[in-house]
Every structure is written in C-alpha cells, then in structure tokens.
Amino acid sequence: MRPDPDFTVLRTDRLVIRRFRTEDAVTFAAYRSDPDVARYQDWDSCTQQEADDFVREIAGTHPGVAGEWFQFAIADVESDEHLGDVGLGVDAINASRAELGFTLATKHQGKGYATEAVERVIAYAFEQLGAEAVFAVADARNDASIALLERIGMRRATTEHVKFKGEWCDEHTYELR
C-alpha cells in the first residue's frame, strides 16, 4: 500500500470521514467507555486523558503506512457531529493487506452509518492506497458487525477459538479482495 500523507477527508451522502480534531476527544472518550460499545473490542474504557493523548498522537500519522493503524473520525456531513471511527491497519509484513475495524457511539448505531463509512474506507484502501485485500476480525457473537461485513461483500475466511476478555469464544476473519 502507498501511504497518503495528504489525506484530509472522504465523503459519502451522509458522512464526512476525516482526521480527528481536538474537540472529538470528548465524544471519543464517551463512546469508547460505553460497556455496550466496548463489549467486542480490545479495550474496556477510555479516560478523557487517554482520548486527548490519542487525538494528539493520531494527528501525526497517515493512512497506508505499513505496520501502523490509522483511525478515521466519522462525522455527520451537515452538523459535523462526531459519530464514531473506522480504523485501517496495514500489515507490517505484507503491506498489500489491511485490517479494518469500526466503532460507533450507541446512539448512532442501527442507522447505516457504519456500513456507509466502512464501504467508503474500503474503497479508499483499494483505489487510493493500493490495497490488494482488506480483512476484519469479528467475535462470532457480534451479530451486527458480522451482518455488516457480509452485507458489504466480505466473506468468512477463517474461524479461531480464542480467549477474549477472560472467556472462550470464536472469532471469524472476513476478507475482501
């Protein structure tokens, strides 16, 4: 993949997918601390200080860099209200592959925003960054994420039985080429 140091914004009909701004740290900390949002994520909560540090650190990164994650802020196209984020992590060994992750505040779930944002970021990964494959890992109990991944055309590639947050579960890896 090719790094994109000039990235500023992607658009859809309802969303602006952009770099994080300082003011996004408040909503970022709030939804990342929601137990329902964190249920299938690798974090449990996010303090305001952690959110402030994250927004400061992400400002110096760019999408498409091998071995690094880039988080895109998802915002409403009209109000610029911060709704969630989409992450794209480029494989350090095989830089033609990228892992996708997404998180939306509870009040914005179920409205199609995640699907819209994920589809746009995947198109950007293939068309602008030169990805050959994009994959996502989903807990088998996370019906909403699995439905989204299948709806956008990702296919289940593997299933692993893993210990996650102290309990055994299955994780599915979905892939799009």
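Reader: How do the residues lining the largest pocket divide into nonpolar, polar and charged?

Author: Start with the general idea. Rolling a probe the size of a water molecule over the atoms shows where empty space is left. In this predicted model, the lining of the largest pocket divides into 20 nonpolar, 13 polar and 11 charged residues.

Reader: And what volume does the largest pocket have?

Author: About 1,200 Å³. Its lining counts 44 residues, and the closest to the pocket's centre are Gln41, Gly101, Phe102, Thr103 and Ser145.

Reader: What about cavities, then: how many of 30 Å³ or more does the structure hold?

Author: The probe idea carries over, except that in a cavity the probe cannot get out. The structure holds one cavity of 30 Å³ or more, and the largest cavity has a volume of about 30 Å³.

Reader: Which residues line the largest cavity?

Author: Look for Arg19, Phe20, Ile58, Ala59, Phe70 and Gln71. That lining splits into four nonpolar, one polar and one charged.

Reader: Now helices. At what angle do helix H1 and helix H3 pack?

Author: You compare the directions of the two axes, each running N to C. Helix H1 (residues 24-32) and helix H3 (residues 48-58) pack at about 125 degrees, and their axes are 8 Å apart. H1 passes H3 in a right-handed crossing.

Reader: Which residues make the contact?

Author: On H1, pick out Ala25, Val26, Phe28 and Ala29; on H3, Gln48, Ala51, Asp52, Phe54 and Val55. The residues of this contact of H1 with H3 come out as seven nonpolar, one polar and one charged.

Technical notes:
Residues numbered from 1 in each chain as written. Predicted model: local features only at pLDDT ≥ 70, side-chain atom pairs only at ≥ 80, totals over all residues. Heavy atoms only, no water. 1 Å grid on protein atoms, 1.4 Å probe; cavity = no way out; pocket = protein on both sides within 12 Å on 5 of 7 lines; lining within 4 Å. Points joined across faces, edges and corners; volume = space filled by probe spheres on them. Nonpolar A, V, L, I, M, F, W, Y, C, P; charged D, E, K, R; others polar. Axes fitted to C-alpha atoms, helices over the stretch in contact; angles between N-to-C directions. Helix = DSSP H or I, 4+ residues; strand = E, 2+ residues; numbered from the N terminus. Left-handed = near helix turned anticlockwise from the far one by under 90°. Contact = heavy atoms within 4.5 Å.
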